[in-house]
Amino acid sequence: MLENIDLHQVLVLDIETVPQYSSFDEVPPHFTELWAQKTLYQRRDGETPAEYYSRAGIWAEFGKIVCISVGIFSHQDGETGLRVKSFAGHDEVEILRNFNDLLKKQPATLLLCAHNGKEFDFPYLCRRMLINCIEIPLQLRISGKRPWEINHLDTLELWKFGDYKNYTSLNLLAAVFGIPTPKDDISGSDVHQVYWQENNLQRIVTYCQKDVITTAQLLLKFKCSPLMPDNLITLVES
């Protein structure tokens, strides 16, 4: 699996998103009704739009990006390593521009990889760039391209082997393939609280970086290659 993929031409990424406002009370009136309509079929019986608002980060129309972490494979003493860098903060425009600047320095043929990236990370990035009037980088442009011309890898899609019935989490695949992950971290459902209530952005960055590292390790397992030891994984200061 992935025998012909050169990992040194792959950029692994993950994004973390939150609702645009700390609570439903702060949402502009014309958006509250739009939120209610958007989530009508997602909300459980009796659940109000306000009660469901903590999940608003899932939708690019109601959320924003607070962290983008990326990983680039490297050669270290003949072994495969990974360099991980994060763009994070409260200014989404700055995050997106810095990420865009990174991609502009890379070849247009660079492969972007994420778990569930085709359903979430890649379109979310494009939508938020469009909303913020930021040029979409070449690696994310898919309009008019044939499927085989799109340089996107999705570890969830690879694992499905054409089966579209079920979602398989990154944590489950990590367990299946024996990839160690931190046990004391947050989950995606906690990001809203950690950002808006705890104001702990660094905790979110750590969680985002963990997912990048896990996805990169999963790619190695898909190639039947050994896992990277911790000493070959470098966290680069932003």
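Modeller: Please do. Start with Val-10, which touches Ile-5, Gly-71, Ile-72, Phe-73, Leu-110, Leu-111, Cys-113, Leu-153 and Leu-219, leaving out residues up to four places away in sequence. This is a predicted model, where local features need pLDDT of at least 70 and side-chain atom pairs count only at pLDDT 80 or more, while totals for chains, interfaces and linings use all residues. Residues are numbered from 1 along each chain as its sequence is written, and side-chain values use heavy atoms, with hydrogens and water left out.

Colleague: What makes something a contact?

Modeller: Distance. Heavy atoms must lie within 4.5 Å.

Colleague: Which residues touch the most other members of the largest nonpolar core?

Modeller: Val-10, Val-12, Phe-73, Leu-82, Leu-153, Leu-219 and Met-228, out of 24 residues. H8 gives the most to this core, with seven residues. Another core, of 23 residues, lies apart from it and includes Phe-87, Phe-99, Leu-102 and Leu-112.

Colleague: Why is a set of residues called a nonpolar core?

Modeller: Its members are buried Ala, Val, Leu, Ile, Met, Phe, Trp, Tyr and Cys residues, joined through side-chain atoms within 4.5 Å. Buried means under 20% relative accessible area, exposed means over 50%, and partly exposed is in between (1.4 Å probe, protein chains only).

Colleague: Why does Gln-209 count as buried?

Modeller: Its relative accessibility is 11%, so Gln-209 counts as buried. Gln-209 is in helix H8 (residues 201-222). Beyond its neighbours within four places in sequence, Gln-209 is in contact with Ser-69, Val-84, Ser-86 and Leu-235.

Colleague: And why does Trp-159 count as partly exposed?

Modeller: Trp-159 has 31% relative accessibility, so it counts as partly exposed. Trp-159 is found in helix H5 (residues 155-160).

Colleague: What makes a helix a helix, or a strand a strand?

Modeller: Both are DSSP runs, numbered from the N terminus: H or I for helices, at least four residues, and E for strands, at least two. The protein chain has eight helices and six strands. Their order along the sequence is β-α-α-β-β-α-β-α-β-α-α-α-α-β.

Colleague: How do you know that helix H4 is mostly covered?

Modeller: Count its residues. H4 (residues 121-131) has 11 residues, and eight are buried. Those eight are Asp-121, Phe-122, Pro-123, Tyr-124, Leu-125, Cys-126, Arg-128 and Met-129. Their cover includes strand E1 (10-19), strand E2 (63-76), helix H3 (92-104), strand E4 (111-114) and strand E5 (152-154). Just after H4, Cys-133 takes a positive phi of about 55 degrees.

Colleague: How does the radius of gyration of the protein chain agree with that of a compact globule?

Modeller: The radius is taken over C-alpha atoms, and the globule rule is 2.2 Å times the number of residues to the power 0.38. For 238 residues a compact globule would have a radius near 18 Å; the chain has 18 Å, so the two agree. The C-alpha trace spans about 55 × 40 × 40 Å along its principal axes.

Colleague: What share of the protein chain is buried?

Modeller: Buried residues make up 46% of the 238.

Colleague: And what share of contacts joins residues at least 24 apart?

Modeller: Among contacts between residues at least 6 apart in sequence, 72% do.
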